[in-house]
Amino acid sequence: MKPTTCLLTLVLSIPAAYAQQVDIRRPEQMLKDTIDKVMGAIRNDPAARAGDPERTLQIVRSDFLPATDFMLTTQYAVGSAWAQATPAQRDALFQEFQTLLARTYAIQLTQLQQENTQFRYAPAARPAANANDAVVRTTVITGGDAMPIDYRMHRTATGWKIYDINMMGAWMIQVYRQQFAPRLASGGIDGLIKYLAAHNRGP
């Protein structure tokens, strides 16, 4: 057998599982590991620990975003207009909205810099074997104050991903859907993209 033929045969014989790693963690464990990783990175980084929003944003991008499916978040927040968007418009919406969500999350984390901040996780029932959606309930305790934060997650081909967050009784997707609706009504998809881009650039 020729060397090139042998190499091709070896490549084709590699199981598909090796081509795409699947995260087998349960949703609550995946969330806990993600939050622990983010908070650990912040506490070990002098700038982030001091509340630097840009350095905190870098940590969010590297350690939190891989655990999310903000493309699905974007689709749900845009609503029925998503069906009329072109692939280029969908990608632009996703990129701008993900930037907005990452910055918002980073800003919230800069307010949780105290060493005594604790994350508690409510016991979660094991999802059914065929379940594709789960809500993981957490409580953030800082300086005696407790704030519940719930994470909605769904099963993907590579494991569970976060796609919605509930803070102070308001689910993120619903809040943004209400904000986006008048923008879409007045300026369409392109108008919403321009609005998000301008918001991300700041003043």
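Strand 4 and strand 5 are joined by two bridges and run antiparallel. That pairing is one piece of a predicted model, in which local features need pLDDT of at least 70, side-chain atom pairs count only at pLDDT 80 or more, and totals for chains, interfaces and linings use all residues. Residues are numbered from 1 along each chain as its sequence is written, and side-chain values use heavy atoms, with hydrogens and water left out.

The protein chain has eight helices and five strands; here helices (H or I, at least four residues) and strands (E, at least two) are DSSP runs, numbered from the N terminus. Going along the sequence, you get the pattern α-α-α-α-α-α-α-β-β-β-β-β-α. Of its 203 residues, 39% count as buried, where buried means under 20% relative accessible area, exposed over 50%, and partly exposed in between (1.4 Å probe, protein chains only).

- Five strands make up an open sheet, in the order 1-2-3-4-5, with antiparallel pairing; two strands count as paired if DSSP finds at least two bridges between them.
- Strand 1 (118-121) and strand 5 (170-171) are the edge strands, each pairing on one side only.
- As background, strands of a sheet pair through backbone hydrogen bonds, either parallel or antiparallel.
- Strand 2 (residues 133-142) and strand 3 (residues 145-156) run antiparallel and are joined by ten bridges.
- If you want a landmark on that pair, Thr 139 sits opposite Pro 148 in strand 3.
- Strand 3 also pairs with strand 4, again in the antiparallel sense, over eight bridges.
- Met 153 has Ile 162 in strand 4 as its bridge partner.

**Strand 4 and Met 167**

- Nine of the nine residues of strand 4 are buried, so this strand is largely enclosed by the rest of the structure.
- Met 167 in strand 4 stands opposite Ile 149, and Met 167 also stands opposite Ala 170 in strand 5.
- Asn 166 has a bridge partner in strand 5 too, namely Trp 171.
- Tyr 151 belongs to strand 3, and at 2% relative accessibility this tyrosine counts as buried.
- Tyr 151 and Trp 171 are 20 residues apart in sequence, and their C-alpha atoms are 9.1 Å apart in space.

**The turns**

- The hairpin of strand 2 and strand 3 has two residues between the strands, and Gly 143 there takes a positive phi near 55°.
- Strand 3 and strand 4 form a hairpin as well, with two residues between them.
- Strand 4 and strand 5 make a hairpin with two residues between them, and Met 168 is in its turn.
- Met 168 has a positive phi of about 55° although this residue is not a glycine.
- For context, most residues other than glycine have a negative phi.
- At 71% relative accessibility, Met 168 counts as exposed.

**The largest pocket**

- The largest pocket holds about 320 Å³ of space. On a 1 Å grid over the protein atoms alone, a pocket is an open set of points where a 1.4 Å probe fits, with protein on both sides within 12 Å along at least five of seven lines. Grid points are joined across faces, edges and corners, and the volume is the space filled by probe spheres set on the points.
- Its lining has 16 residues, with Thr 104, Gln 108, Met 167, Met 172 and Tyr 176 lying nearest the centre; a lining residue has an atom within 4 Å of a point.
- Helix 7 (87-110), strand 4 (159-167) and helix 8 (172-201) each supply at least two residues of that lining.
- Helix 7 gives the most, with five residues.
- The lining divides into 14 nonpolar, two polar and no charged residues. Ala, Val, Leu, Ile, Met, Phe, Trp, Tyr, Cys and Pro count as nonpolar, Asp, Glu, Lys and Arg as charged, and the others, Gly among them, as polar.

**Helix 3**

- The 17 residues of helix 3 (residues 27-43) should span 24 Å at 1.5 Å a residue, and the end C-alpha atoms are 24 Å apart, which agrees. The expected span is 1.5 Å times one less than the number of residues.
- The buried residues of helix 3 are Pro 27, Glu 28, Met 30, Leu 31, Thr 34, Ile 35, Val 38, Met 39 and Ile 42.
- Seen down the helix axis, these buried residues fall within an arc of 165°, so they line one face of helix 3. The arc is that of the directions from the helix axis to the C-beta atoms.
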